[in-house]
Amino acid sequence: MFTRYSNHKVGKTLDSLKLPGIRLGLRPYNPSLENATLVEAFDIAIDEFGKQGLMVLADNHVSDPKWCCDDNDGNGFFGDEHFNPEEWLQGLSTVANHVKGKSQVVAIGLRNELRGPHQNQDDWHKYMGQGATTVHKANPNVLVFVSGLKYDTDLSFLKTKPLNINVGNKLVYEVHSYAWSSGSQSDWIEQPVNQLCGRVMKGLNNRAGFLMSGPNPSPLVMRLDLDWALWAAQGGYYVRSKTKIVDEAYGLWMYDFETLRYPEFPQRFQLVQKMLMDPSSNSSKSYIIYHPLSGQCVNVNKNHELELGDCESQSRWSQEGQQIKLVGNGTCIKALGDGSLVSLSNDCMSKQSSWKTLSASNLHLGTIDGEGQNLCLERESPTSSRIVTKICICADDNIACLDNPQSQWFQLVTTNM
């Protein structure tokens with residue numbers, strides 16, 4: 001847009017796309033947009049984001065304006081028909097300078113989902129290094145987002161050859177993960193869920209998660225206080241692949257931008273939206289116990305029993321050996337038996353107060369009862385906030401066990417906030 005279409009007007013662009021109804025629809029609400037250039041419209045949009053307290057990542061998506069993406073669309077890799085590296089670098093510099101005074105623009109993404117038959121590691125290192133350096137030189141305040149190969153699902157090649165560039169502490173690696181990235185939808189019905197979940201996480205760690213460990217870990221848009229983004233916010237498109245008024249099945253909102261497509265989204269993902277690890281914090285680390293299926297966190301009620309509730313007021317926990325203790329209290333989580341409510345106890349030396357993660361998913365918190373059988377934490381029912389211990393579901397990773405274990409998935413999440 002900045003290198004090819006910066007002077008094009010919004011109204012005339014809509015006319016060229018044969019969208020007169022959309023142009024007419026702008027007038028009552030945003031009359032100034034009709035005669036604005038595309039760059040001016042970009043500024044109007046991100047300035048409004050700033051007023052609403054939103055942060056902006058300016059992403060370089062495609063060079064030729066069209067629906068993205070496929071392997072042979074000419075936009076996939078450096079040197080493709082519509083992807084001139086020199087023009088790309090010029091565009092990055094232009095945008096980085098353009099947003100320099102806009103504090104809400106916190107990051108620039110170098111390129112979305114590199115792909116196609118021409119992708120290779122040598123050119124990736126060459127041009128991503130140049131792109132990151134170009135952005136940082138023009139605007140050292142913004143984070144620089146770097147994506148990998150194979151539609152940005154793979155950064156594994158950095159294990160053997162890191163991206164050695166100097167952009168201060170502004171480098172952020174980005175990785176994409178889709179429902180279809182690790183098999184088909186039917187796999188979750190036809191295969192043991194714990195094992196499949198374990199393979200998915202192992203694969204993601206192998207392709208990208210390793211970047212968060214080692215002597216020089218980098219932030220990663222991905223289990224360690226992840227930063228994340230969701231495709232997509234909008235509920236539809238004026239035009240997509242030459243088809244007018246297209247629904248976005250993955251949109252957070254419906255087309256009207258008023259109704260959530262998935263009403264449970266705010267609760268299911270409430271913990272993911274919270275900052276959990278503050279690099280500048282001097283507070284000691286503790287744990288939150290998170291229940292992924294409900295999106296809720298474990299709290300202790302007035303009867304000293306465990307229950308699920310809002311993650312804003314979650315209880316904090318410490319782990320001493322295999323004991324899970326309430327911070328500042330000294331009491332620990334103890335199982336009483338199959339089907340019994342879980343509560344706190346001063347008896348922290350019994351077997352029922354000893355907990356460990358089970359199954360390939362590492363998402364079961366299990367103990368052993370007086371008869372030697374494994375019991376796991378479980379939400380009592382989909383409509384209950386109470387937590388009980390029940391016989392563990394498929395925690396032995398038996399390939400013949402296809403029961404759904406997600407009601408028993410609990411995770412210790414580290415925080416220093």
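**Figure 1. The S-S torsion of Cys-376 and Cys-392 is about 95 degrees, so this disulfide is right-handed.** The pair ties together distant parts of the chain, 16 residues apart: Cys-376 sits in strand β17 (residues 374–379), while Cys-392 is in the loop between β18 (387–391) and β19 (411–415). The sulfurs are 2.1 Å from each other, and a disulfide here is a pair of cysteine sulfur atoms within 2.5 Å. Helices (H or I, at least four residues) and strands (E, at least two) are DSSP runs, numbered from the N terminus. Cys-376 counts as buried because its relative accessibility is 0%; Cys-392, at 15%, also counts as buried. For these labels, buried means under 20% relative accessible area, exposed over 50%, and partly exposed in between (1.4 Å probe, protein chains only). Please keep in mind that this is a predicted model, in which local features need pLDDT of at least 70 and side-chain atom pairs count only at pLDDT 80 or more, while totals for chains, interfaces and linings use all residues. Residues are numbered from 1 along each chain as its sequence is written, and side-chain values use heavy atoms, with hydrogens and water left out.

**Figure 2. A disulfide joins Cys-332 to Cys-348, with an S to S distance of 2.3 Å.** Its torsion about the S-S bond is about -115 degrees, so the disulfide is left-handed. Here, too, distant parts of the chain are linked: Cys-332 belongs to strand β13 (residues 332–334) and Cys-348 to the loop between β14 (343–345) and β15 (356–358), 16 residues apart. Both of these cysteines, Cys-332 and Cys-348, are buried.

**Figure 3. Cys-297 and Cys-311 form a disulfide with 2.1 Å from S to S.** With a torsion of about 90 degrees around the S-S bond, the link between Cys-297 and Cys-311 is right-handed. Cys-297 lies in strand β9 (residues 296–300), and its partner Cys-311 is in the loop between β10 (306–309) and β11 (317–320), 14 residues apart and in distant parts of the chain. Cys-297 and Cys-311 are both buried.

**Figure 4. Asn-299 is another residue of strand β9.** Its relative accessibility is 10%, so Asn-299 counts as buried. The side chain of Asn-299 reaches the backbone nitrogen of Ser-315 at 3.1 Å. Setting aside neighbours within four places in sequence, Asn-299 is in contact (heavy atoms within 4.5 Å) with residues including Glu-305, Leu-306, Glu-307, Gly-309 and Asp-310. Ser-313, Gln-314 and Ser-315 are also among the contacts of Asn-299.

Figure 5. The structure holds five disulfides. Number the bonded cysteines in sequence order and the pairing reads 1-2, 3-4, 5-6, 7-8, 9-10. Cys-197 is in no disulfide, and the nearest cysteine sulfur, that of Cys-394, is 13 Å away. Cys-197 is buried, at a relative accessible area of 11%.

**Figure 6. Trp-67, Trp-180, Trp-231 and Tyr-250 make a nonpolar surface patch of about 490 Å².** Within this group, Trp-231 is placed in the loop between β5 (220–221) and β6 (236–240). Trp-231 has a relative accessible area of 43%, so this residue is partly exposed. Patches are made of residues with over 30% relative accessible area and no salt bridge, joining like charges within 9 Å and nonpolar side chains (Val, Leu, Ile, Met, Phe, Trp, Tyr) within 5 Å. A salt bridge is a side-chain nitrogen of Lys or Arg within 4 Å of a carboxyl oxygen of Asp or Glu. Accessible areas come from the Shrake-Rupley method with a 1.4 Å probe, and for residues only the protein chains shown count as cover.

Definitions and conventions. A polar contact is a pair of N or O atoms within 3.5 Å; within protein, one must be able to donate a hydrogen and the other to accept it, and residues adjacent in sequence count only if both atoms are side-chain atoms.
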